[in-house]
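Look over the sequence and the model, then read the points below.

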Amino acid sequence: MTHCTLIQPEQVIDLRWRVLRAGRPRETAIFPGDEAARHHGLWQDERLLVVLSLFPTPLVHGGANYPQQLRGMATDPSSQGQGLGSILLRAVQPLGPLWCNARIRARPFYARAGWQPIGETFEIPEVGPHQRMVWAP
Ligand SMILES: CC(C)(COP(=O)(O)OP(=O)(O)OC[C@H]1O[C@@H](n2cnc3c(N)ncnc32)[C@H](O)[C@@H]1OP(=O)(O)O)[C@@H](O)C(=O)NCCC(=O)NCCS
């Protein structure tokens with residue numbers, strides 16, 4: 001059985017580090033503003049397998065306001081591709097409107113959950129090409 005809960009900032013760091021900042025110093029997995037963000041996790045058998053964070057960083061686009069940015073979306077490598085990330089993403093979507101800078105490889109993952117791309121793809125140094133995406137209930 002899986003369940004989703006709010007978690008503490010320090011609980012997201014290890015998964016973020018292993019999945020999103022592999023091979024780089026642990027500090028790179030600590031994001032500015034983590035203390036002010038809301039962190040969500042998906043658990044299976046007491047193991048934290050997926051994390052994401054919602055930062056109070058607003059984006060205005062096309063006359064619409066997206067008050068929160070989703071960042072640090074990461075599923076444990078041994079559990080990727082099993083639908084767990086989608087469960088956690090859909091669990092937080094009612095807290096939207098949301099926006100994110102999606103890794104190009106993850107674009108289909110967000111699109112399947114109803115997110116729309118906006119603008120051109122762009123490069124984030126040391127991370128790679130990204131696509132800005134938005135979601136509104
Ligand atoms: C993207 C990610 C969070 C999705 O979580 P998940 O639990 O694997 O998601 P689901 O099983 O619900 O959906 C699988 C989809 O995620 C995407 N995906 C799967 N593995 C991925 C990976 N290593 N990197 C990026 N996207 C991936 C694909 O679109 C996949 O669809 P497919 O099975 O049709 O190819 C997870 O795969 C991950 O942590 N990837 C590496 C880090 C990353 O890219 N994070 C997103 C930053 S914007």
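The largest pocket of this predicted model has a volume of about 960 Å³. It is lined by 35 residues, and Leu 20, Met 73, Arg 103, Ala 106 and Tyr 110 are the closest to its centre. The space taken by the ligand is this largest pocket.

**How to read the values**
- Numbering starts from 1 along each chain as its sequence is written, and side-chain values use heavy atoms, without hydrogens and water.
- Local features need pLDDT of at least 70 and side-chain atom pairs pLDDT 80 or more, while totals for chains, interfaces and linings use all residues.

**The pocket**
- A pocket is an open set of points on a 1 Å grid over the protein atoms alone, where a 1.4 Å probe fits, with protein on both sides within 12 Å along at least five of seven lines; lining residues have an atom within 4 Å of a point.
- A molecule sits in a pocket if more than half of its atoms lie within 2 Å of the grid points.
- H1, E6, H2, E7 and H3 each give two or more residues to the lining.
- E6 gives the largest share of the lining, seven residues.
- Helices (H or I, at least four residues) and strands (E, at least two) are DSSP runs, numbered from the N terminus.
- The lining has 16 nonpolar, 12 polar and seven charged residues.
- Ala, Val, Leu, Ile, Met, Phe, Trp, Tyr, Cys and Pro count as nonpolar, Asp, Glu, Lys and Arg as charged, and the others, Gly among them, as polar.

**The ligand**
- The ligand is surrounded by 20 residues, with Gly 81, Gly 83, Gly 85, Ser 86 and Arg 112 the closest; a residue counts if one of its heavy atoms lies within 4 Å.
- H3 (107-112) supplies the largest share of this shell, four residues.
- The shell holds 10 nonpolar, seven polar and three charged residues.
- Polar contacts are pairs of N or O atoms within 3.5 Å.
- A polar backbone atom of Thr 75 is 2.9 Å from a ligand oxygen atom.
- A polar side-chain atom of Arg 105 lies 3.2 Å from a ligand nitrogen atom.

**Backbone features**
- Most residues other than glycine have a negative phi, and most peptide bonds are trans.
- Gly 96 and Pro 97 are joined by a cis peptide bond, with omega about 10°.
- Pro 97 lies in the loop between H2 and E7.
- Asp 45 has a positive phi, near 50°.
- Asp 45 lies in the loop between E2 (38-44) and E3 (47-55).

Definitions and conventions:
Polar contact = N/O pair within 3.5 Å; in protein donor to acceptor, adjacent residues only side chain to side chain. Points joined across faces, edges and corners; volume = space filled by probe spheres on them.
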